[in-house]
Amino acid sequence: MINHMCVLKVFCGFEVFPSFHTNSSQLQVTFTSDGSVTYRGFSFTWTAINESSIPESRVTHIHAESGTISSTKFPSTYDRFLEEVWIVRSPNPDMAIAIEFDRLFDLEDGVGSSCPYDSLTISEGTSRPSAYNEQLQLCNTTRPSTHFIRNSDMYVSFKTDKSINGLGFSFNFFL
Ligand SMILES: [Ca+2]
């Protein structure tokens with residue numbers, strides 16, 4: 001039994017769930033079934049990662065009140081196996097950040113509301129989001145509506161898998 005346990009996620013239904021990170025080196029998994037109706041079950045893989053495992057060369061640090069963040073090569077097809085990170089630190093810590101997407105938004109389709117293949121994740125703060133953080137995970141080809149980060153810092157990551165590449169994304173951010 002892990003000390004100070006709190007529930008990170010609860011899963012049910014038929015779905016492919018996106019990967020997520022925890023901030024701990026321990027994880028307890030509990031599977032519960034009731035007295036009727038059984039299905040084929042679940043399977044997942046886990047990997048221990050070093051927080052600094054993303055090469056610094058793929059991290060772009062931005063210190064500005066406004067700017068544009070786009071996938072590499074936008075509006076041409078992005079590459080496979082990308083893991084790119086942008087860390088935005090606003091010079092004005094009292095302001096929230098607004099994000100406005102380009103009309104062209106073209107990432108591989110997800111499954112239901114999940115983005116298990118290619119995904120753009122935007123969260124508050126300057127470190128990799130964990131399951132605890134508020135985060136916006138995006139995929140598919142629908143232009144996202146204007147989004148607000150209730151924080152002057154934001155962490156943006158773009159991950160792609162081995163197949164099916166779209167034209168990518170671009171957004172402007174401003175205080
Ligand atoms: Ca893909």
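**Strands and their partners**

Me: This is a predicted model, so what makes strand 5 (residues 119–124) mostly covered?

Reply: Being buried takes 20 or more other C-beta atoms within 10 Å of a residue's own. In strand 5, 5 of the 6 residues are buried, so the strand counts as mostly covered.

Me: How do you know that strand 5 pairs with strand 8 (residues 153–159)?

Reply: Pairing calls for at least two bridges found by DSSP. Strands 5 and 8 are joined by 6 bridges, so they pair, and they run antiparallel. One spot to look at is Thr-121, whose bridge partner in strand 8 is Ser-157.

Me: Now the open sheet of 4 strands: in which order do they come?

Reply: The order is 2-9-4-7, and the pairing is antiparallel.

Me: Why are strand 2 (66–70) and strand 7 (147–149) called edge strands?

Reply: Each of them pairs on one side only. On average, neighbouring strands of this sheet are turned by 25 degrees against each other, direction ignored.

Me: How do you know that strand 7 pairs with strand 4 (residues 97–101)?

Reply: Count the bridges: 3 join strand 4 to strand 7, and at least two are needed, so they pair. The two strands run antiparallel. In strand 7, His-147 is the bridge partner of Ile-99.

Key
Residues numbered from 1 in each chain as written. Predicted model: local features only at pLDDT ≥ 70, side-chain atom pairs only at ≥ 80, totals over all residues. Buried ≥ 20, exposed ≤ 12 C-beta atoms within 10 Å, placed from the backbone. Axes fitted to C-alpha atoms, helices over the stretch in contact; angles between N-to-C directions.
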